[in-house]
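Dear colleague,

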Amino acid sequence: MWKYFIESIQGKKTRKNQDYQEVNEREDKLLAIVCDGLGGAPSGEVASRLCVKSIADSFLEEYNPPYTKEWMIEIVKEANRFLYDYSVIHSKCNGMGTTMVALLINNDKGIVANVGDSRLYSYEKDQLVQITEDDSLVWEQFRKGKLKKDEMIRHPSSHLITKHIAMGRDIDLKPFEISIAKKQLFLLCSDGITDYLTDEKIHSLIDMKTTLEENSQKIIEAALNEDSDDDISIILLSNYMS
């Protein structure tokens with residue numbers, strides 16, 4: 001039985017909270033999504049909300065979905081087309097976009113899809129591992145060995161992403177499958193956390209003897225203590241914590 005906790009707070013310098021997140025359940029399946037509307041673009045809060053709702057509606061309403069990587073590609077591409085067309089039709093939303101990270105849990109398997117720099121982490125056997133890779137300029141530098149991962153924190157270009165939902169009417173997407181352990185914790189979050197906290201710091205804050213809510217609040221408080229002024233969103237999922 002999966003338990004989860006969701007929390008989102010508006011950033012100190014943001015006009016509106018442009019993050020949106022949901023966890024939805026269908027029979028024995030679970031879908032968690034975090035989207036972060038682009039702060040420099042119009043209607044980021046609209047983009048994040050519509051993206052989550054489109055993907056969640058497909059999960060909840062489609063008749064007998066196959067829950068495969070190919071199906072995940074289809075429903076994310078459908079959301080992307082919907083947002084792009086919406087931005088063209090509604091002039092106030094021209095240029096809107098959002099990041100997206102989604103985890104579909106189906107028994108002992110998970111399907112992961114992401115666009116932009118919102119992340120999924122796995123915590124298992126006292127190891128915190130970043131599951132997704134960012135679509136960002138600093139991540140490209142990290143992959144080329146020109147930046148250490150800790151140097152991405154507070155980097156002047158950390159906010160520059162190379163891909164987002166609604167960038168065009170089509171989008172390249174490569175979901176992948178992961179195995180789920182008997183004792184598993186997943187963390188999905190926006191960059192209001194990861195632009196300010198290293199993986200080592202996040203790892204040090206996780207306490208399996210406390211609740212998901214307490215862990216979430218500690219991580220958010222730590223990001224705020226590091227002067228995070230962006231919107232902060234987090235989903236913690238566990239099959240053995242409460």
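Predicted model: local features only at pLDDT ≥ 70, side-chain atom pairs only at ≥ 80, totals over all residues.

Residues are numbered from 1 along each chain as its sequence is written, and side-chain values use heavy atoms, with hydrogens and water left out.

Ser 118 lies in the loop between strand 5 (109-115) and strand 6 (119-124), where strands (E, at least two residues) and helices (H or I, at least four) are DSSP runs numbered from the N terminus. With a relative accessible area of 0%, Ser 118 is buried; buried means under 20%, exposed over 50%, and partly exposed in between, using a 1.4 Å probe and protein chains only. Leaving aside neighbours within four places in sequence, Ser 118 is in contact (heavy atoms within 4.5 Å) with residues including Val 34, Asp 36 and Cys 189.

Rings of Phe, Tyr and Trp (its six-membered ring) pair if their centres lie within 6.5 Å, and planes under 30 degrees apart count as stacked, over 60 as edge-to-face and the rest as tilted. By this rule there are five aromatic pairs. One of them, Trp 2 with Phe 186, is stacked, at 6.1 Å centre to centre and 20° between the planes, and this pair links distant parts of the chain, 184 residues apart. Both Trp 2 and Phe 186 are buried. Trp 139 and Phe 142 form a tilted pair, at 4.9 Å and 55°.
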